[in-house]
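Trainee: I have the sequence and the structure open side by side, could you walk me through them?
Mentor: Gladly, ask whatever comes to mind as you look.

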Amino acid sequence: MESAPVAAEPFGPSTEPPILRAAEILEGREMRAIPVERDNSLDAGFSAFLDGTQRIQIIAQEAGIPIVLGTVSAAIRIRVDRRMQSWQRRQPVVERRLYMPFAYLESMPTDAALSFQVVDTSEPDYAGVIPSQHPASLMERAVKKVLEDRERAELSLAEAWCESEKGTLFMDGGIGGSSTVATSSLAIGIVKSHRTLHAEGDALRTVLRLDVAERTPVFRLTSRSRISVVSWYLRVRSPQARDAMWGLVRIESCEEGWTSERADEISRWVLRESSPLALPDNRWDKMAYGVRDTEEFLRAIS
């Protein structure tokens, strides 16, 4: 087995193809821009922030087959008197695993396996597909497995929050991966990446033309592998002289008991979190400062 250079995250661009998907609109009959009145009060709608990170390293290879060390971490940071601190009920999660395709390895690195839990990246996926022996295919599967472990770590903390706290949790990402989280009024998901856009045709043009402090109607988000939630797009920063998705986020909330007033309230909370700026992170147009604080904390401990 040969040693290989260490590769840090992010490990290349997303391999998911861009997708347009029609939305099932619940608030009215068509996609339209809905102005959201800004709320400049000092009262914070969100009590805490949840985020996770991953670090992906190729630590060795065997005939081109990558042996990957993945580190995932997740934490909840609470806001007390406008200062961020760690949530005391649950410690941050930091986990390290080796990711390798058992089916294609002639020998297992038993010395490394004793130090880390090992994940088989050659197992069939939900569709029964086994990755080919192409190094890029094996690497993509390893990256996917690491991201799945990151989401699991994040959701375990989110579930603990929803079962024990009363304040609202700002989650960086979707909430549909856990029934406990997806059905709780205490968890709000904020999605910053848009490989899938839930609009087509004129509806898509409406989404991309949203101005700052405008949202779309609420629509239902369903998936075979995730719990149904309600969602809507919100523009938190002006896209003028920028690309069409600058400052565009998608919000997820529990489906039960949704109202237009609730969507407006959550939107005002999200708009309020756009200050202070999450600089120097290059995603500052969509990132809340509380999420940046959580990421910086995780980098320090993992």
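**Cores, strands and rings**

Mentor: In this predicted model, the largest nonpolar core holds 32 residues, and those with the most contacts inside it are L50, I76, W161, L169, M171, V181 and Y233.

Trainee: Which elements each supply at least two residues of this core?

Mentor: There are strands and helices on that list: β5 (46–62), β6 (65–80), β10 (168–172), β14 (219–221) and β15 (229–235), together with α2 (135–164), α3 (179–182) and α4 (201–208). The largest share comes from α2, which gives seven residues.

Trainee: Before I go on, how high is the average pLDDT of the chain?

Mentor: The protein chain averages a pLDDT of 90, and 92% of the residues score at least 70. Over residues 2–10, however, the pLDDT is below 50, and this stretch has 17 contacts in the model beyond near neighbours in sequence.

Trainee: OK, switching to β16, why is it described as largely enclosed?

Mentor: Strand β16 covers residues 248–253, and six of its six residues are buried, so the strand is largely enclosed by the rest of the structure. L248, R250 and E252 point one way from β16 while V249, I251 and S253 point the other way, and all of them are buried.

Trainee: Which way does β15 run relative to β16, parallel or antiparallel?

Mentor: β15 and β16 run antiparallel and are joined by six bridges, with S231 standing opposite E252 of β16. Strand β11 (residues 187–191) also pairs with β16 in the antiparallel sense, over three bridges, and there G189 has E252 as its bridge partner in β16.

Trainee: What do polar contacts join the side chain of R250 to?

Mentor: The side chains of R250 and S231 are joined by a polar contact of 3.1 Å, and another polar contact, of 2.8 Å, joins the side chains of R250 and E252. Setting aside neighbours within four places in sequence, R250 is in contact with G189, I190, V191, H194, H198, F219, L221, S231, W232 and Y233.

Trainee: New topic, how many aromatic pairs does a search of the whole structure find?

Mentor: The search finds six aromatic pairs. In one of them, the rings of F46 and F170 have their centres 5.0 Å apart and their planes at 75°, so the pair is edge-to-face. F46 sits in strand β5 and F170 in strand β10, 124 residues apart, which makes this a link between distant parts of the chain.

Trainee: What about W246 and W284, how far apart are the centres of their rings?

Mentor: Their centres are 5.3 Å apart, and because the planes are at 85° this pair is edge-to-face. W246 lies in the loop between β15 and β16, whereas W284 lies in the loop between α5 (260–272) and α6 (289–301), so the pair ties together parts that are 38 residues apart in sequence. W246 is buried, with a relative accessible area of 12%.

Trainee: Last one, what does L20 touch?

Mentor: Not counting residues up to four places away in sequence, L20 touches L197, A199, E200 and L204. L20 is found in strand β2 (residues 19–20) and counts as partly exposed at 43% relative accessibility. The C-alpha atoms of L20 and T196 are separated by 5.8 Å, although these residues are 176 apart along the chain.

Trainee: And L197, where does that one lie?

Mentor: L197 lies in strand β12 (residues 196–197) and counts as buried at 9% relative accessibility. Leaving aside neighbours within four places in sequence, L197 is in contact with I19, L20, R21, L204, Y233 and M245.

How values were computed
Residues numbered from 1 in each chain as written. Predicted model: local features only at pLDDT ≥ 70, side-chain atom pairs only at ≥ 80, totals over all residues. Heavy atoms only, no water. Core = buried A, V, L, I, M, F, W, Y, C linked by side-chain atoms within 4.5 Å. Buried < 20%, exposed > 50% of the residue type's maximum accessible area, 1.4 Å probe, protein only. Helix = DSSP H or I, 4+ residues; strand = E, 2+ residues; numbered from the N terminus. Pairing = 2+ DSSP bridges. pLDDT = per-residue confidence, 0-100. Contact = heavy atoms within 4.5 Å. Polar contact = N/O pair within 3.5 Å; in protein donor to acceptor, adjacent residues only side chain to side chain. Phe/Tyr/Trp six-rings, centres within 6.5 Å; stacked < 30°, edge-to-face > 60°.
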